[in-house]
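Please examine the sequence and the structure shown below. The paragraphs that follow begin with one chain, turn to the contacts between chains, and end with selected details.

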Number of protein chains: 4
Amino acid sequence: MARARKKIQSSMGWSNVSSITVQGLDLSMDILGKLNLGDFAFLEIKGRTPTPEESLVFNAVLGTLVEHGMTPMVIAARLTYLGAPESLQGAVAAGILGMGTTFAGTAEGSARLLQEAIKPDTMLSDLPLLADEIVARHIASKTSIPGIGHNLHKPIDPRTPRLFQLAQENGLSGRYVELMKLVASAAERALNKPGLLPVNATGAIGALSSELEIPWKLCRGLAVIGRTIGIVGHLAEELRNPIAREVWERTEEEASEHNRS
Amino acid sequence: MARARKKIQSSMGWSNVSSITVQGLDLSMDILGKLNLGDFAFLEIKGRTPTPEESLVFNAVLGTLVEHGMTPMVIAARLTYLGAPESLQGAVAAGILGMGTTFAGTAEGSARLLQEAIKPDTMLSDLPLLADEIVARHIASKTSIPGIGHNLHKPIDPRTPRLFQLAQENGLSGRYVELMKLVASAAERALNKPGLLPVNATGAIGALSSELEIPWKLCRGLAVIGRTIGIVGHLAEELRNPIAREVWERTEEEASEHNRS
Amino acid sequence: MARARKKIQSSMGWSNVSSITVQGLDLSMDILGKLNLGDFAFLEIKGRTPTPEESLVFNAVLGTLVEHGMTPMVIAARLTYLGAPESLQGAVAAGILGMGTTFAGTAEGSARLLQEAIKPDTMLSDLPLLADEIVARHIASKTSIPGIGHNLHKPIDPRTPRLFQLAQENGLSGRYVELMKLVASAAERALNKPGLLPVNATGAIGALSSELEIPWKLCRGLAVIGRTIGIVGHLAEELRNPIAREVWERTEEEASEHNRS
Amino acid sequence: MARARKKIQSSMGWSNVSSITVQGLDLSMDILGKLNLGDFAFLEIKGRTPTPEESLVFNAVLGTLVEHGMTPMVIAARLTYLGAPESLQGAVAAGILGMGTTFAGTAEGSARLLQEAIKPDTMLSDLPLLADEIVARHIASKTSIPGIGHNLHKPIDPRTPRLFQLAQENGLSGRYVELMKLVASAAERALNKPGLLPVNATGAIGALSSELEIPWKLCRGLAVIGRTIGIVGHLAEELRNPIAREVWERTEEEASEHNRS
């Protein structure tokens, strides 16, 4: 084997007898009691602590991803917890495995769109043309444009104006937010659907993640963090007020009824 | 089927055309920009927002659980991400599945010990006797006492005094913290190991979770939340500086060497 | 670091340019077309191919574990597949994570009981006394005896006589099968429940796995293999005749109804 | 809610007091002792038992997918088992989650290619032109052609001739096998790589699965079944001869070395 060895190296965290270091900070003195959980997530992903403005916007982005009611993934988590209550980690794992293409549960699509379109030297004045090109390209390839429109929340996704307002107030509304808005209005024009294709929460999260310089490949990770908290919340409710056995028994009975008759 | 149907009901979250409600709060106006991620986790688990003191302590508890360096679970997550980078949720799931009995990764053991020992009418003056009983019972059954001692961090786990200090400063140091400390000193006396069995981070988390009235069955959920953030952080580093392929190739080469010779 | 390095070595499989070796056999010539899937599983777990008798019994053991109708774990797998159809492996993973303590889904309990009781020099004539001791010990500690009794299948679990018959016909009915039967009858006598505590399928699998000299710690692995096949079968049906969306929508509607009124 | 309810129905399996029915067969009498594990998988996926010829070919297809040596996914499974040995199902789940796009671990790509190309009325004489079109399309879109070429196994993947031979001997070598072979030779001509792009095992499995009329969306399920058996085999070896702790400790030491110096 003439393969050259590559050095294995990590800067995430390490410890010795008397201290624990995380990303260069002393866990006990610099982090505990000083950083909230969202700030710690920012530190883990970006390798530095956030400014107060970044902290507020990043916590809002993550908060948008926590709770979505009785989704397939929380039902799956509750059913798994019914079978293996001694392994709560397995129930959470089952839940997050339902994050996939069906519900466009992540903002990676819109973040990718924006991050691939905007170059270091892209000017604000370039954005309207970029938006038109993006829309035209998606129409030509008959693919849907990520980040706009919503099944239920019409004509406005209530999370979007709030997220954009927070970004604005905290100096984090730049080219990505602008391009996302322009894509939505260009799409409404091109498809002749005025007021029907507003930026949805996914699009807003993709834009704000981009403003925070988080690579689009990690946007699904933000969603996993948020959903994990939501799933643990649902398992807490399942402990107080279980529903999984009822869902199972009804489904089993109806599914096999035709065999018994 | 004469089985009586049970009503399926949840209060976690729901939405209509113009708004999203989470635990009775308006997501956009009451949560985003107002609650940090740890506070939102508190809301999900307990059904109400935390006080400022609870917020500080709960965020510190969760923060203790985020980053532990290059553990087996983050190596497993990185290897899984190597194979399926399109499904980041699968890599995170693989990582959290390594939370089990080997590394006592959760505080559920110490939280259970404390919550089963302290009754509503237990007085501070009852705690020394309770501690002695707990220690005697574990010695008799030859089981280890959860929450005390540490392989590496001797004679003090640096996280413990910090967590206990934060609890003290925020009025959340009560019977559970006291009992945890008393168990440690009783164990040192009974086993004649002075200074060798201090309360470790797991014990501190178990005690603080109990002060926050979180059922011990959910303590593993807190650990899952923390570890999920840490795993996403490691995947962010893996994107910048991959090591999984090197770990795999070295292992594969050495494992099969004897077959080739 | 004065830690002594341990050699990493594996004998499972390796390959070179022109051949692939599995457990010392040539995959293409010795395995494909010659071993059925159950035999291959035997080879993987025990490091040798089975005799024809072992093959028949081992395939029957695994076959008992494949299909159990609309269980919580297959519903969880279907819901996960709904969300992430591009990652079928995630749906299967979600399904098997529901194998835990609730449904005693594995035979590890009864296999452990038998394997810890029978020593190399245990004689057939020792077994009745052993059975009485086992039953008495469980009654004293108020724990249930694994491998006997069944909620639905009374007075006989139809799989048990068939599995025991196959073992008998193939010369694999020895001390473990005998002890399992004796435990069941001793329990019925001691608890005064004649005909109500027969050996169930789990007990039969535990006994047959022990006859095949499979360590009890791997019995859950046999169940995982069987269930994985069953889950893939359910996903095949879900492709033809989907039910997950209906289960989700009914549950979501009923769960949030009280919020809307 | 004016949503029309859809009936929930399944034909996989059900049971009553005295019997268990799987796919219309009596589990104890028609399956146990009569069907091997591969045949049972065929029954689960296709809803009928295989002919002897189908049984042989299908078991060979699944057998090709079981063991691949010390892959990233089995290392991940071993690391997970180290952390949570009480939840073997979690270790297997972690392992199969590494099946993704990197290692083209499944045959779904080639099966899809073949199944989308061949229509009910496609004749053998149509296949050469189809193959040329497929190759030209992939070259034009700069995408790789699934099912041909191999990093290590050159000029021949030793599994392919064996699988094709078994299909031939059992009357299951038809249009799909022919087209797969034609695609390989057309690609070698078009790319001027004579002898360098033979059908690999993945291509052979895709072709044989298509001959068995298994929808391409389920081919990843076949891989999951095979890999699950392989992972359980590796966990059996890990029990006898553990390596996970060594992999972890080496990785951790080297990764944090630079912090300690």
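How many helices and strands does chain A have? Chain A has twelve helices and three strands, where helices (H or I, at least four residues) and strands (E, at least two) are DSSP runs, numbered from the N terminus. The model is a predicted one, in which local features need pLDDT of at least 70, side-chain atom pairs count only at pLDDT 80 or more, and totals for chains, interfaces and linings use all residues. Residues are numbered from 1 along each chain as its sequence is written, while chains are lettered from A and ligands numbered from 1 in the order in which they are written.

As for confidence, the model scores ipTM 0.96 and pTM 0.97. For chain A the mean pLDDT is 95, and 98% of its residues reach 70 or more; pLDDT is the predictor's confidence in each residue, from 0 to 100. The C-alpha atoms of chain A fill a box of roughly 65 × 65 × 50 Å along the principal axes. Of the 261 residues in chain A, 59% count as buried. A residue is buried if 20 or more other C-beta atoms lie within 10 Å of its own, exposed if 12 or fewer, and partly exposed in between, with C-beta atoms placed from the backbone. Among the contacts in chain A between residues at least 6 apart in sequence, 72% join residues at least 24 apart; two residues are in contact if their C-beta atoms, placed from the backbone, lie within 7 Å.

The relation between the chains comes next. Two copies of a chain are related by a rotation about an axis and a shift along it. Chain B can be laid on chain A with an RMSD of 0.0 Å by a turn of 180° and a shift of 0.0 Å along the axis, the superposition being by least squares on the C-alpha atoms of residues with pLDDT of at least 70 in both copies. The two copies are therefore related as by a two-fold rotation axis. Among the residues of chain B, Ala93(B) comes closest to this axis, at 2.3 Å for its C-alpha. The same surface serves both copies, since 100% of the contact residues of chain B recur in chain A.

How many residues of chain B are in contact with chain A? The contact joins 78 residues of chain B to 78 residues of chain A. Helix H11 (residues 219-240) of chain B gives the most to the side of chain B that touches chain A, with 14 residues. By class, that side of chain B has 41 nonpolar, 24 polar and 13 charged residues. Here Ala, Val, Leu, Ile, Met, Phe, Trp, Tyr, Cys and Pro count as nonpolar, Asp, Glu, Lys and Arg as charged, and the others, Gly among them, as polar.

Chain B also meets chain C. Chain B can be laid on chain C with an RMSD of 0.0 Å by a turn of 180° and a shift of 0.0 Å along the axis. In chain B, the C-alpha nearest that axis belongs to Gly90(B), 3.3 Å away from it. The contact takes 14 residues from chain B and 14 residues from chain C. On the side of chain B that touches chain C, helix H5 (88-96) and helix H12 (244-260) of chain B are the elements that give two or more residues. The largest share, six residues, comes from H12(B). The residues of this side divide into four nonpolar, nine polar and one charged. Because 100% of the interface residues of chain B are also interface residues in chain C, the copies meet through the same surface.

Three bridges join S1(D) to strand S2 (residues 20-22) of chain D, and Ser15(D) has Ile20(D) as its bridge partner in S2(D).

Helix H2 (residues 37-46) of chain D is mostly covered, with nine of its ten residues buried. Among them are Phe40(D), Phe42(D) and Ile45(D). The buried residues of H2(D) pack against elements of both chains, including helix H11 (219-240) of chain C and helix H1 (27-31) of chain D. Gly47(D), whose phi is positive, near 80°, follows H2(D).

Leu239(D) lies in helix H11 (residues 219-240) of chain D. Leu239(D) is partly exposed, because 15 other C-beta atoms lie within 10 Å. Leaving aside its neighbours within four places in sequence, Leu239(D) is in contact with Pro215(C), Lys217(C) and Leu218(C).

Note on methods: Pairing = 2+ DSSP bridges.
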